[in-house]
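Visitor: I have a structure open and would like to be taken through it. Could we go step by step?

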Amino acid sequence: MLAAPKAGKRRLALQPAPQARYYACGAVPANLTPDYLSAEQAYRHAQTPQEKIAALERMYAALPKHKGTEKMQADIKRRLSEARRESQRSHKAGAHAAPVYLIKREGAGQIALLGPPNSGKSQLVRALTRALPEVADYPFTTRIPLAGMMPFEDVQIQLVDLPPISQEFMPPWMAQAVRPAHLSALVIDPNDAGVLGDFEFILRTLEEWHVPSPALLVGNKLDLPGAGENFQAVRDLYGGRFPCCAVSAVTGAGLAEFARASFAALHLVRFYSKAPGKPPDLEVPYVLKRGSTVGDAAAHVHRDFAQHLKYARLFRKSHGHDGLMVERTRLVEDGDILEFHV
Ligand SMILES: Nc1nc2c(ncn2[C@@H]2O[C@H](COP(=O)(O)OP(=O)(O)OP(=O)(O)O)[C@@H](O)[C@H]2O)c(=O)[nH]1
Ligand SMILES: [Mg+2]
């Protein structure tokens with residue numbers, strides 16, 4: 001994993017739609033207004049302390065004030081003071097930091113696309129997302145980072161197009177721009193005569209920056225004659241060290257496999273929540289790091305669940321959707337459907 005940004009908790013999760021998905025367990029009162037729910041949705045999406053403060057203030061204002069919501073009022077106030085403290089800390093830290101092109105993390109994970117000039121990083125972002133970075137047949141086309149969201153099944157993965165990593169020229173903020181990503185993918189053009197030298201230079205540069213090696217090696221332009229054989233030669237040299245994807249950003253070949261490999265490299269699990277007696281909400285998954293437990297999942301859905309969870313029922317295809325009772329220490333597997341009992 002690349003180093004986490006200084007301020008704020010790392011957010012991996014795609015957030016659920018603002019429906020009252022956890023009321024059925026009786027943890028919170030059911031008479032919350034649409035205003036409150038939309039503010040809570042904004043809070044779940046908030047990436048900066050300022051956004052959190054704004055959303056929490058709206059949540060507090062929209063919360064009906066009566067005995068039944070006293071705990072929630074206290075909880076919002078506590079989170080507000082936390083966010084205000086965080087805002088002050090990041091303000092102080094920011095006073096000395098040089099401005100850099102940082103892309104705010106969004107979706108299930110952020111992947112930085114690295115590579116030598118002209119390898120097709122921008123074309124790949126065009127092919128896989130709705131972003132429209134400039135593509136041209138000369139090197140150093142991309143000057144500043146640009147992000148787009150790549151769909152994979154029911155999650156979105158953020159791809160960041162970056163200027164090339166090159167001996168000839170690199171913007172001084174490159175290392176900082178790469179660092180917030182959860183991982184990087186190295187995109188190469190196997191037909192480029194200088195590919196092996198570029199490859200070594202990039203690996204050395206990442207080491208100097210104390211940034212982990214790429215999690216994926218992407219051979220692009222596989223539609224061109226000879227590219228398959230040339231990429232095979234690169235794989236023979238490096239394939240043991242990196243999972244490889246052969247793609248063509250122009251024809252679209254291999255792009256579905258690239259999306260799948262990206263999701264796998266992020267080491268995530270998706271789970272879906274289910275209220276007792278109701279069908280599961282399979283539309284928007286919650287996303288956690290692999291290795292998370294049922295207890296972590298409960299805490300992720302609602303803060304109160306972490307404390308009060310008695311047990312969960314697990315519905316999983318491999319168990320025939322049988323509602324197996326599981327403890328909070330049970331590991332969550334990708335695709336699990338969980339019903340929390342508090
Ligand atoms: N044939 C073929 N050409 C490609 C493919 N992907 C990109 N190209 C071409 O390669 C050239 C460079 O593509 P870019 O996407 O601009 O490359 P880049 O890696 O972003 O380049 P920099 O921004 O300079 O680092 C363009 O002419 C693209 O049309 C591909 O899969 N097949
Ligand atoms: Mg580019």
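Predicted model: local features only at pLDDT ≥ 70, side-chain atom pairs only at ≥ 80, totals over all residues.

Visitor: How many helices and strands does the protein have?

Guide: The protein has 10 helices and 11 strands. Helices (H or I, at least four residues) and strands (E, at least two) are DSSP runs, numbered from the N terminus.

Visitor: And what percentage of the residues count as buried?

Guide: Of the 342 residues of the protein, 35% count as buried. A residue is buried if 20 or more other C-beta atoms, placed from the backbone, lie within 10 Å of its own, exposed if 12 or fewer, and partly exposed in between.

Visitor: Which residues have the most contacts inside the largest nonpolar core?

Guide: That core has 64 residues, and Ile111, Leu113, Leu159, Val218 and Ala297 have the most contacts inside it. Strand β4 (residues 183-188) gives the largest share of this core, 5 residues. A nonpolar core here is a set of buried Ala, Val, Leu, Ile, Met, Phe, Trp, Tyr and Cys residues joined through C-beta atoms within 7 Å.

Visitor: Now strand β1. Which way do its residues point?

Guide: From β1, Gln110, Ala112 and Leu114 point one way, Ile111 and Leu113 point the other way, and all are buried. In a regular strand the side chains alternate between the two faces of the sheet. For β1 (residues 110-114), the count is 5 buried residues of 5.

Visitor: How many bridges join β1 to β4?

Guide: There are 4 bridges between β1 and β4, which run parallel. β1 also pairs with strand β3 (residues 155-161) in the parallel sense, over 4 bridges. Leucine 113 has a bridge partner on each of these strands: aspartate 161 in β3 and alanine 185 in β4. Two strands pair if DSSP finds at least two bridges between them.

Visitor: What about β11, is it mostly covered or mostly uncovered?

Guide: Strand β11 (residues 336-341) is mostly covered, with 5 of its 6 residues buried. β7 pairs with β11 in the parallel sense over 3 bridges, and serine 273 stands opposite leucine 338 of β11. Strand β9 (residues 311-315) pairs with β11 in the antiparallel sense over 5 bridges, where alanine 312 has phenylalanine 340 as its bridge partner.

Visitor: Changing topic: where is asparagine 118?

Guide: Asparagine 118 is placed in the loop between β1 and α4 (121-128). Its phi is near 70°, a positive value in a residue other than glycine. Most residues other than glycine have a negative phi. Asparagine 118 counts as buried because it has 20 C-beta neighbours inside 10 Å.

Visitor: And histidine 267, why does it count as partly exposed?

Guide: Histidine 267 counts as partly exposed because it has 15 C-beta neighbours inside 10 Å. This residue is found in the loop between α8 and β7 (268-273), and its phi is also positive, near 55°. In helix α8 (residues 255-265), Phe258, Ala261, Ser262, Phe263 and Ala265 are buried.

Visitor: Last one: which residues come nearest to ligand 1?

Guide: Of the 23 residues around ligand 1, Gly120, Ser122, Gln123, Asp137 and Thr142 come nearest. A residue is near a molecule if its C-beta atom, placed from the backbone, lies within 6 Å of it.

How values were computed: Residues numbered from 1 in each chain as written. Chains lettered and ligands numbered in written order.
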